[in-house]
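Here are a few notes to read with the picture open. Take them one at a time and find each spot as you go.

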Amino acid sequence: MRAPFSAVIAISLGIIVLLGYFVPIGPLTSLRIVLLDWAVILAGVALIVGVVNLFYVHWKKTSEGNTESLYSGVLVFALLITLVLVGWFGPTHTFSLWIFNYIQVPVESSLMAMLAITLAYASARLLRRRIDLLSGVFLATTLVVLLATAPLFGIEIPGLGELRDWIAQVPATAGARGILLGVALGVVATGLRVLMGADRPYGG
Amino acid sequence: MTLLGVLGLGFVLFFLGLILIFAFLGRRGREVSLRPIPAFDRLQKAIGRAVEAGNRLHVSIGSGDITGPQAAVALVGLTILNRIARDTTISDRPPVATSGDGSLAILSQDVMRSAAREIGAEYSPFSGRLTGVTPFSYAAGAMTVVQDEEVGASILIGSFGVEAALINEIGERSGGMTLAGTDNLPGQAVLYATAQEPLIGEETFAGGAYLDAGPTHTASLRAQDWLRWLIIASLLLGALAKFFGFL
């Protein structure tokens, strides 16, 4: 689709959806809901296209014949088996739930466990890489919250729980709100740039 | 129209007006100085090094839903991908973009295709990929890209949760630079510890301005600064008014 034509469509639909939130006129609100429903449907179709792309990338890798092609082969095999089983029996059938409960959940749990070790190692590396006040505060806060939440050997240090609660309720909340305020302004600015046509992520 | 609707629309129109004013002033040649963000300086150098060394750049735009508020930070990731693609598509190993959402994967392919067409380079449909549909599967797929495809630097700009730590760890082990920013609070905490160059808060949204993506990016950054000070002043005035009993 030619760039100016796609830009006109994108900008006009974006303005309609934006106005639909602020101006409570019946047809405008209904149009907003319809357009958002279409967006959700298109996102679903895009997911299918993405999965096809994923399959194609790994299918190509299996034909390369190196060590990594084995993992791609496993992915392709698992994808096809899951697609056939869940497509045939449905997502709530025993077979489908078995795949989810005994393959997907353990794999994702093990990745989460790996994440815990990764974060511990990264925190130690932070001391070596970036020795400054903020890194020190970051690590000290992490230690206080960890020790207060899960005491080592069951030994509770007096006052640590109150300190953790104060950290969570005062400086952490204040910092989080400040960051979220900045993020919100950034989000609005990005949206406005798309509505102005200055940013065109949709082609051309 | 409710009062909240009027205020909301008024805020948006005021913001738009500020962006237009600053864009107009920028076009008249008025110099704008931005505070230095070392992450973007290092990114510029990493782009140059990657092209010279024949390494690939990996840009990951996260797993945020394009229909939700996380879309904004993903659009920033696409803008940065666009800048990087224009500078490095001509190299031996063009950049690769990974994402955890189908729409973002298609958009990243579109960005890569546009960049390749503009500079006359060859476009590969594998340059933009969906690596997984859940956050951890997406991270696992992105990790294999970083490890197996001679990635010189990883740039993670998008909606990431704590799973971004895994991608950064592999980037660190591969010896490449890692630069990361997200709109997600737990994600930012994790990126602060794991990325070599973390972007905190709205620094992520400033990427376009620092990478010369266009005068509108700089204008919107200045408008954000003005509005931030305005909001701070309103909060302080409100707190004082409450303290002295006016509210």
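This is a predicted model: local features need pLDDT of at least 70, side-chain atom pairs count only at pLDDT 80 or more; totals for chains, interfaces and linings use all residues.

1. The largest cavity holds about 80 Å³ of space.

2. Now look at what lines the largest cavity. From chain A you'll find Asn53(A), Leu54(A), Val57(A), His58(A) and Lys61(A), and from chain B the lining includes Arg129(B), Leu130(B), Thr131(B) and Gly141(B). Thr144(B) and Val145(B) belong to the lining too.

3. Which elements give two or more residues to that lining? They are helix H2 (26-62) of chain A, plus strand S3 (128-130) and helix H5 (135-148) of chain B. H2(A) gives the most, with five residues. Sorted by class, the lining has five polar, four nonpolar and two charged residues.

4. In soluble globular proteins, nonpolar side chains tend to be buried together. The largest core here has 40 residues, and those touching the most other members are Leu43(B), Ile84(B), Ile155(B) and Leu179(B). Helix H7 (171-196) of chain A is one of the elements that give two or more residues to this core; others, from chain B, include helix H2 (38-53) and strand S4 (151-159). H3(B) supplies the largest share, ten residues.

5. Leaving out residues up to four places away in sequence, Leu43(B) touches Ile84(B), Ile155(B), Met177(B), Leu179(B) and Leu211(B).

Notes: Residues are numbered from 1 along each chain as its sequence is written. Chains are lettered from A and ligands numbered from 1 in the order in which they are written. Side-chain values use heavy atoms; hydrogens and water are left out. On a 1 Å grid over the protein atoms alone, a cavity is a set of points where a 1.4 Å probe fits but cannot get out, and a pocket is an open set with protein on both sides within 12 Å along at least five of seven lines; lining residues have an atom within 4 Å of a point. Grid points are joined across faces, edges and corners, and a volume is the space filled by probe spheres set on the points. Helices (H or I, at least four residues) and strands (E, at least two) are DSSP runs, numbered from the N terminus. Ala, Val, Leu, Ile, Met, Phe, Trp, Tyr, Cys and Pro count as nonpolar, Asp, Glu, Lys and Arg as charged, and the others, Gly among them, as polar. A nonpolar core is a set of buried Ala, Val, Leu, Ile, Met, Phe, Trp, Tyr and Cys residues joined through side-chain atoms within 4.5 Å. Buried means under 20% relative accessible area, exposed over 50%, partly exposed in between (1.4 Å probe, protein chains only). Contact means heavy atoms within 4.5 Å.
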